[in-house]
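I opened my notebook to look through this structure piece by piece. Here is what I wrote down along the way.

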Amino acid sequence: MTSTNNLFPQFLERRIKTDGAEIYLRTGGSGPPLLLLHGYPQTHACWHKLVPELAQHFTLVVPDLRGYGDSRGPGAEAGPEAYTKRAMASDCVAVMKSLGHDRWSVVSHDRGARVGYRMALDHPERVHRLAVLDIVTTLDAWTDLTKENAIGRFHWAFLARPAPFPETMIGHDPIFFVDYLLAQWTRSKDLSAFDPRALALYRHHFCKPSVIAATCADYRAGADLDPALDAIDLEAGRKITAPTLSLWGTERKHGFVNEPLESWRPWCPNVRGEPIDCGHFLAEEAPEATIQALLPFLLEDRTN
Amino acid sequence: MLGKAASADAKGTNNVKQIMSSADMLFPGFVERRFETSGAEIFALVGGSGPPLLLLHGYPQTHLMWNAVAPQLALHYSVVTADLRGYGRSSCPPTDLEHKPYSKRAMAHDMIEIMSELGHERFVILGHDRGARVGYRLALEHPQRVDRLALLDIIPTINYWQVGNQTTRLKMFHWAFLAQPAPLPESLIRSDPAGWVDGRLGRGAGSRTLDVFHPAALDEYRRFMSDPDRLHATCEDHRAGARIDVEHDTLDQAEGRLIRCPTIVLWGNKGPLGDLPDVLGIWRPWCVQVEGQAVESGHFIAEENPHATLAALLPFLSQDNGSAR
């Protein structure tokens with residue numbers, strides 16, 4: 001019930017201690033290393049539809065972010081400092097090094113994509129190629145002051161309220177909350193895009209008070225510390241040197257300042273991207289189109 | 001449960017009377033009235049003597065929020081303090097997909113009707129928060145009815161959505177939260193309505209505590225929010241605020257419609273507008289004549305600092321703008 005054995009057949013299960021966390025992950029496939037990072041309110045299970053194809057080309061490392069899913073993270077007493085994207089990226093670097101990888105590509109979604117681009121900024125020597133699914137930078141998300149953005153990203157402000165306010169409100173009925181958000185962010189506005197086994201896992205993990213607290217801490221860091229890190233990098237002219245692919249769902253109602261590519265251009269000298277015909281959950285709503293967009297990008301330097 | 005006015009059983013009626021007895025003490029000499037408007041049943045307390053003055057409360061409150069200033073105002077005015085539709089002891093008309101029944105236009109129309117029924121052709125409005133939005137909408141759409149307009153701690157709805165910065169957005173997260181499609185906010189609040197009300201009030205007050213709120217008022221705020229119909233209605237008020245109210249504001253701006261009566265805006269220096277550099281500058285394009293100032297307070301000016309509120313309001317309200325009353 002709480003394992004992804006049936007979603008990731010023949011993948012190994014690992015737990016790796018990092019500075020401040022214990023990361024649960026699955027690994028499988030063969031080829032150069034590729035790290036897959038999930039978003040909110042999910043776990044590594046969100047990649048299960050892409051994994052059979054990706055595993056033919058890559059050695060996949062598919063973790064739960066600190067505090068999410070089966071990974072453990074610092075408790076509520078640690079505060080949002082423990083959930084900066086820098087700290088979460090640092091976990092992933094430690095995990096990859098511990099698995100013997102020096103350099104890898106990253107495919108990342110939602111909160112995981114914020115970890116992914118932070119990793120590319122903080123550890124440029126580690127990140128070969130970076131794919132960010134359905135996000136603009138954290139700084140841009142906060143400086144987009146349209147009404148559409150305020151409403152579309154209501155949860156950014158809600159989850160960032162001081163503890164224990166959002167934790168308490170969500171905690172009364174976590175399954176309602178996770179189901180509502182998942183449905184609301186799909187194109188079909190229901191749960192049909194999600195495999196029942198994956199959905200059962202999202203619900204299972206989201207019912208844990210430690211997960212609710214950690215995910216709120218993730219957003220608290222996202223309201224303050226993360227955009228401050230972005231601002232420092234922007235000021236310093238620091239760039240994401242890895243070739244970057246930005247994919248986004250066409251159904252997205254958030255009011256971007258501009259198209260996602262325009263958010264990435266100041267950060268990435270080498271960025272390209274395209275919309276995928278779906279809602280927020282590209283890997284689950286449109287797995288085939290997502291694979292078709294990802295593979296040529298990920299395999300590019302091997303075919304040259 | 002309180003507020004199920006249309007279907008109150010004997011027990012429910014008793015509850016209302018109990019609350020009334022403690023609430024009555026807050027509004028000495030006021031009498032309870034109910035009005036059938038074309039769209040709702042509106043509850044109001046009426047008292048005092050002098051020119052008519054309509055008091056409109058905000059979220060998540062009722063007419064009881066005026067308890068610290070109403071007795072003083074009643075010395076000079078015929079005070080009408082109503083519960084907006086969906087709030088307190090007023091009814092909750094069914095909503096629609098556009099949230100039209102909870103537009104500020106519809107809420108203003110209730111007030112036009114009850115003031116007509118009371119024989120008040122022209123009146124002064126003092127509104128706070130959501131009630132202030134009803135107040136400025138009423139002044140825009142029924143200029144012949146409003147002598148003077150006093151607004152507490154708001155900027156126009158469309159400007160709120162435009163000027164909000166990240167800090168404002170975090171402080172005012174409930175705007176976006178309550179505007180989410182049903183049943184998200186309803187379901188989250190329903191598990192602890194009193195906790196939600198206390199949170200909004202405590203966070204909004206300058207002291208960050210509930211100390212300034214009268215216990216009987218606090219009790220009623222918590223109680224009405226525990227009614228699922230009222231909880232839903234108050235979310236609908238905010239859904240309207242994210243859509244149809246903004247459309248109405250947009251149209252007024254496009255057509256150059258102005259608030260023609262003299263207007264005063266007061267805001268709390270420790271409230272959500274406290275950080276804005278030029279509150280009056282935001283109001284000026286909307287008003288023929290506007291004045292105002294910050295008050296030493298959080299968001300709940302009339303309860304936190306009734307003395308300063310009255311000191312700023314009374315001179316403004318007593319100015320004669322030459323119209324027959």
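I began with strand β7 (residues 244–249) of chain A, which runs parallel to β8(A) and is joined to it by six bridges. Within this pair, I found Gly249(A) standing opposite Ile276(A) of β8(A). I kept in mind that this is a predicted model.

Next I looked up the whole sheet. In chain A, eight strands make an open sheet with mixed pairing, and I noted the order as β1-β2-β4-β3-β5-β6-β7-β8. The edges belong to β1 (12–17) and β8 (271–276) of chain A; each has a single partner strand, so one side of each lacks a neighbour in the sheet. On average, neighbouring strands of this sheet are turned by 20° against each other, direction ignored.

Then I turned to helix α3 (residues 111–122) of chain A. Helix α3 lies across β3 (33–37), β5 (104–109) and β6 (127–133) of chain A, and runs at about 145° to β5(A).

I saw its side chain joined to that of Asp301(A) by a polar contact of 3.3 Å. Among the other residues that Arg129(A) touches are Trp104(A), Pro243(A) and Phe297(A).

Last, I moved to the largest nonpolar core, which has 212 residues; Phe177(B) and Trp283(B) touch the most other members. For Trp283(B), I listed contacts including Tyr136(B), Leu151(B), Ile259(B) and Val290(B).

Terms used: Residues are numbered from 1 along each chain as its sequence is written. Chains are lettered from A and ligands numbered from 1 in the order in which they are written. This is a predicted model: local features need pLDDT of at least 70, side-chain atom pairs count only at pLDDT 80 or more; totals for chains, interfaces and linings use all residues. Side-chain values use heavy atoms; hydrogens and water are left out. Two strands pair if DSSP finds at least two bridges between them. Helices (H or I, at least four residues) and strands (E, at least two) are DSSP runs, numbered from the N terminus. Axes are lines fitted to C-alpha atoms, for helices over the stretch in contact, and angles run from 0 to 180 degrees between N-to-C directions. Contact means heavy atoms within 4.5 Å. A nonpolar core is a set of buried Ala, Val, Leu, Ile, Met, Phe, Trp, Tyr and Cys residues joined through side-chain atoms within 4.5 Å. Buried means under 20% relative accessible area, exposed over 50%, partly exposed in between (1.4 Å probe, protein chains only). A polar contact is a pair of N or O atoms within 3.5 Å; within protein, one must be able to donate a hydrogen and the other to accept it, and residues adjacent in sequence count only if both atoms are side-chain atoms. Lists of a residue's contacts leave out its neighbours within four places in sequence.
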